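I opened a new page for this one and went through it a piece at a time. These are my notes, in the order I looked things up.

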Amino acid sequence: MKYILFLFFTITSLLSAQIDTKLFENIQDSNYLKEIETSISKSEIDKSKDIEIIDTEKKHLKQLLEVYSIKSSIKEFNLSLFNQEKDLLDSLLKALFYISELKIKERNQIQLSIQVQNKLSLLKKRIENIVEDDKKYLLTYQLQYAYYRLQKNNIQKRIDLFVKNKDAVLNSILNTFEKEAKLFEIDTQIELASLEEKIKKLVLQKTSSEIELEKEIINENIKNKEQLIKETAKYENLIQKVYIEKIDLINKTIISNLIQSKHKEYLERQKEVDSLLLLLQGDLKDTYIEQNNIIKDIAKKILGNTKIFLGNSLTQSINYYEEFKNLFTTTLFVFNEQAISLLSIIRALFLITIGFAIGSLYKRWINKISLKWPNMSQMSLKLTSNVGFYLIVFITIMISMSSLGIDMSSISLIAGALSIGIGFGLQTVVSNLIAGIILMFERTIRIGDIIEITDLLKGTVTDIRIRSTTIKTFDNIDIVIPNSSFIQNNVINWTLDDPTRRLHIAFGVAYGTKIEKIKEVVLDELKTSDLIYVRNDENKKPDIRFENMNTSSIDFELLVWVKANDKINANSIKSDFLTLIYNCLYKHQIEIPFPQLDLHVKRDSNEIPSS
């Protein structure tokens, strides 16, 4: 199998085409191109190829011949200008601008070289992997490849020329700076002030034109609109020209400062140029940015990295502070004609956080008071704590909204619009909130009360919140119940006005037992027992009632009053009293009946007795 694969790849490599290097390696010899031209003409006569393919080959051959004649050259800078002290600053500025243009052209040529290389890679694959059906396009691919290969060579030659001239001019600038020639200093304050005033006037005129333009756009006046657009663009162009004049003037001062090694003055001026470059627009912006970078590189060589670093660190720190400040103070959006910034939002959130913190401290303070005065009503303390907390939070929210400049009347309109949605979507939540407020103020259910909602849901109230109430059952299970349940359903409060409750404990004895004896022995036994019940209240003394005469027993009921507390369990207390009654009856040998049926068999008088 491996020999078959080896044979297949060998045949494929022999049949695949190769790059025709004769088309681009020896460009001085044009004989080979003439042979190609003759071959194309012969194909046209023989009609061995389609006319479209032949036209394409002629076109690419012509382009290749044009590339052969291209000679790479650039306009060089006149270095003799540096020997004229009179206009030295202008010459240095022109030289810097020249270097900036070369750097931009070099960068563009590098990008173009990358694109050409990608096309060469694609054409190479097409040529080397061409199949039999596409061999009629082979000459076209070869001519294209040769064309791009020569173009790539020409691009590289131009890049080399850019680098060579750029380095030569830059070295001349550095040599001029290092000369111990007559130092000079220029004063540009008056000119800069004049340019600044000119910019202000142009900005005012542009603003006025923009206002008129907006007016015409609203009125849909097309004729005046076009005229005002041109006028606005004219003012913008004039502003940009003044910006360039100002940058050139400041750059002259920077060059003077660098010649005299004044690093502080240089840094101040450099900061002005950096800010102006942000305002610059148009095709020259990239050139001036590149020029500014070149000046910074020259400054590092002349003044030293240490001074530049320290100066830039201070400048950058100030810039970072300004950027940080602008980040927080910049308008994010406008609400109700009030600018809303990130700083105002953070301030509002901070106020709300402070409100919650103060509310939490207030609740802790109330809890401390409850520890000092345990006799105070827990419900009152809880009510005061919750109402105060929500009031503090509400006030701080209102203050934070006011700090944003939001009119509270608009909030009320929004709240009114949302009330419909709240009524449908949050009906249960709202009903629970309102029920919680009612419970807090009505005080029909208080913390510490023993309540009973159903036979299975009973216990002590441990907490009342704005939405729900917590009940701890007699089995020590906490149950959270929505407040609306207490408003909509019947609730038994064992300790609303009086914490005592009367228990009904039923028991029965056999027929034939004296009723007076039952009352006497059970009440006497109750008095001597250690069971907890109300003993000293004349109106709540224990009593025994004769309730019913059943088929198997006579029924009694023990009525006894007990004091409710958070540990009371009706079933366990009832069990204690039943145990006492059973022991008492057993002690006095009083029969406790159980269901029974007496069967009487009656004999028929007509029945004949057996013998």
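**H8 and H9.** I started with how helix H8 (residues 263-279) runs against helix H9 (residues 284-303). This is a predicted model, and in it the two axes make an angle of about 165° and lie 11 Å apart. I went back to the cut-off here: angles over 145 degrees count as roughly antiparallel, so H8 and H9 are roughly antiparallel to each other. I also noted that H8 passes H9 in a left-handed crossing.

Next I listed who meets whom. From H8 I have His263, Tyr266, Gln270, Val273, Asp274, Leu277 and Leu278, and they meet Lys285, Tyr288, Ile289, Asn292, Ile295, Lys296, Ala299 and Leu303 of H9. Sorted by class, the residues of this contact are nine nonpolar, three polar and three charged.

**H9 again, this time with H4.** H9 also packs with H4, at an angle of about 115° and with the axes 8 Å apart. The range for roughly perpendicular is 65 to 115, and H4 and H9 are therefore put down as roughly perpendicular to each other. I have their crossing down as right-handed.

The H4 side of the contact is Leu93, Leu96, Phe97, Ile99, Ser100, Glu101, Lys103, Ile104 and Arg107. Across from them, H9 brings Leu284, Asp286, Thr287, Tyr288, Glu290, Gln291, Ile294, Ile295 and Ile298. The class count for H4 with H9 came to 10 nonpolar, three polar and five charged residues.

**A serine in H4.** While on helix H4 (residues 88-128), I stopped at Ser91, which lies in that helix. Is Ser91 buried or exposed? Its relative accessibility is 5%, so I wrote it down as buried. Apart from neighbours within four places in sequence, Ser91 is in contact with Phe77, Leu81 and Phe82.

Glu76 is found in the loop between H3 and H4. With a relative accessible area of 60%, Glu76 is exposed. I then checked what Glu76 touches: Tyr98 and Asn165, once residues up to four places away in sequence are not counted. I also looked at Glu76 and Lys166, which are 90 residues apart in sequence but 9.4 Å apart in space, C-alpha to C-alpha.

**H2 and H3.** I moved on to helix H2 (residues 31-46) and helix H3 (residues 51-68), whose axes come within 10 Å and cross at roughly 165°. H2 and H3 are therefore roughly antiparallel to each other. I put this crossing down as left-handed. H2 makes the contact with Leu33, Ile36, Glu37, Ile40, Ser43 and Glu44, and H3 with Ile51, Ile54, Glu57, Lys58, Leu61, Leu64, Leu65 and Tyr68. By class I have nine nonpolar, one polar and four charged residues for H2 with H3.

Most residues other than glycine have a negative phi. Lys47 is found in the loop between H2 and H3, and with 70% relative accessibility it counts as exposed.

Gln589 went on the page too, with a positive phi of about 55° although it is not a glycine. Where is Gln589 found? I located it in the segment after helix H17 (570-587). Gln589 is exposed, at a relative accessible area of 75%.

**The five-stranded sheet.** Then I turned to the strands. Five of them form an open sheet in the order E6-E5-E4-E3-E7, with antiparallel pairing. Which are the edge strands? I noted E6 (478-482) and E7 (492-493), each of which pairs on one side only.

Within this sheet I followed strand E4 (residues 458-464) and strand E5 (residues 468-473), which pair in the antiparallel sense over five bridges. Val461 stands opposite Ile471 in E5.

**E9 and E10.** My last entry is on strand E9 (residues 543-549) and strand E10 (residues 554-563), an antiparallel pair over six bridges. A hairpin of four residues joins E9 to E10. Arg545 stands opposite Glu557 in E10.

Technical notes
Residues are numbered from 1 along each chain as its sequence is written. This is a predicted model: local features need pLDDT of at least 70, side-chain atom pairs count only at pLDDT 80 or more; totals for chains, interfaces and linings use all residues. Side-chain values use heavy atoms; hydrogens and water are left out. Two strands pair if DSSP finds at least two bridges between them. Helices (H or I, at least four residues) and strands (E, at least two) are DSSP runs, numbered from the N terminus. Axes are lines fitted to C-alpha atoms, for helices over the stretch in contact, and angles run from 0 to 180 degrees between N-to-C directions. Angles under 35 degrees count as roughly parallel, over 145 as roughly antiparallel, 65 to 115 as roughly perpendicular and the rest as oblique. A crossing is left-handed if the near helix is turned anticlockwise from the far one by less than a right angle, and right-handed if clockwise. Contact means heavy atoms within 4.5 Å. Ala, Val, Leu, Ile, Met, Phe, Trp, Tyr, Cys and Pro count as nonpolar, Asp, Glu, Lys and Arg as charged, and the others, Gly among them, as polar. Buried means under 20% relative accessible area, exposed over 50%, partly exposed in between (1.4 Å probe, protein chains only).
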